[in-house]
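Look at the model below and follow the chain with your eye. The report then takes it piece by piece.

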Amino acid sequence: MLRGNSPARVDDKGRLKVPVDHKRELDGEAKRFYITSRDGTRAEIYPMAVWERIEADLANAPASDAKSRFEDAVNYYGQVVELDSQDRLLIPQKLREKAELKGEVAVLGKGERMEVVNDSRFVSRLEAEPFRGSDLAVIGVKGI
């Protein structure tokens, strides 16, 4: 289970060093990843086994405009990437440019995937759109 925020950097060549905390959770499981985005604002990094389950579910979903839009986005921004010997992943160029993933980034654990966001843009969004108590009713998770 990937969770939390690990500050990191995307180097000039577009490589993200997988943070130690997240790497520890992935050890022995994943060397290949699918890096994509639904909207170009963040990189979503899935171990290939997780992404292949998503693809299988998607293949069984009925045809729709929503399915087509999803497939268009995740394929346009997406790329299969292998972890290099220094535990780095190359963020696809189109996604890196659109999401402004260079320099300081935040790597967020989101269960079975990691998300990489431009740190300053993300903090600005958190401040402009803060989590509210009324959001708890929408989420529906008890004990929070």
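A polar contact is a pair of N or O atoms within 3.5 Å; within protein, one atom must be able to donate a hydrogen and the other to accept it, and residues adjacent in sequence count only if both atoms are side-chain atoms. This is a predicted model, in which local features need pLDDT of at least 70 and side-chain atom pairs count only at pLDDT 80 or more, while totals for chains, interfaces and linings use all residues. Residues are numbered from 1 along each chain as its sequence is written, and side-chain values use heavy atoms, with hydrogens and water left out.

Start with Arg88. Helices (H or I, at least four residues) and strands (E, at least two) are DSSP runs, numbered from the N terminus. Arg88 sits in strand β6, residues 88–90.

| Side chain | Partner side chain | Distance |
|---|---|---|
| Arg88 | Asp84 | 2.8 Å |
| Arg88 | Gln86 | 3.3 Å |

Is Arg88 buried or exposed? Buried means under 20% relative accessible area, exposed means over 50%, and partly exposed lies in between (1.4 Å probe, protein chains only). Arg88 has a relative accessible area of 18%, so it is buried. Contact means heavy atoms within 4.5 Å. Leaving aside neighbours within four places in sequence, Arg88 is in contact with Asp11, Arg15, Leu16, Lys17, Glu82 and Leu83.

**Two loop residues**

Asp87 lies in the loop between β5 and β6. Its phi is near 60 degrees, a positive value in a residue other than glycine. Asp87 has 24% relative accessibility, so it counts as partly exposed.

Glu100 is in the loop between α4 (93–98) and β7. Glu100 is not a glycine either, yet has a positive phi of about 55 degrees. Its relative accessibility is 38%, so Glu100 counts as partly exposed.

Now turn to the strands. Two strands pair if DSSP finds at least two bridges between them. Strand β7 covers residues 103–111, and seven of its nine residues are buried, so the rest of the structure largely encloses it.

Which strand do nine bridges join to β7? The partner is β1 (residues 2–10), and the two run antiparallel. Leu2 stands opposite Gly111 in β7.

β7 also pairs with β8 (residues 113–118), in the antiparallel sense, over six bridges. A hairpin of one residue joins β7 to β8. Leu108 has Glu115 in β8 as its bridge partner. Gly109 has Met114 in β8 as its bridge partner.

β8 pairs with β4 too, antiparallel, over three bridges. There, Ile45 has Met114 of β8 as its bridge partner.

How many of the six residues of β8 are buried? Six are, and the strand is mostly covered. Arg113, Glu115 and Val117 point one way from β8, while Met114, Val116 and Asn118 point the other way.

**The nonpolar cores**

A nonpolar core is a set of buried Ala, Val, Leu, Ile, Met, Phe, Trp, Tyr and Cys residues joined through side-chain atoms within 4.5 Å. The largest such core has 23 residues. Leu16, Ile35, Ile45, Leu89 and Val116 touch the most other members. β1 gives the most, with three residues.

A second, separate core has six residues, including Tyr34, Met48, Val50 and Trp51.

**Helix α2**

Helix α2 runs over residues 48–60 and has 13 residues. From first C-alpha to last, α2 reaches 19 Å, close to the 18 Å expected at 1.5 Å a residue. The expected span is 1.5 Å times one less than the number of residues.

Which residues of α2 are buried? They are Met48, Val50, Trp51 and Leu58. Seen down the axis of α2, these buried residues fall within an arc of 155 degrees, so they line one face of the helix. The arc is that of the directions from the helix axis to the C-beta atoms. On the other side of α2, Asp57, Ala59 and Asn60 are exposed. The buried residues of α2 pack against β3, β4, α3 (65–77) and β5 (79–82).
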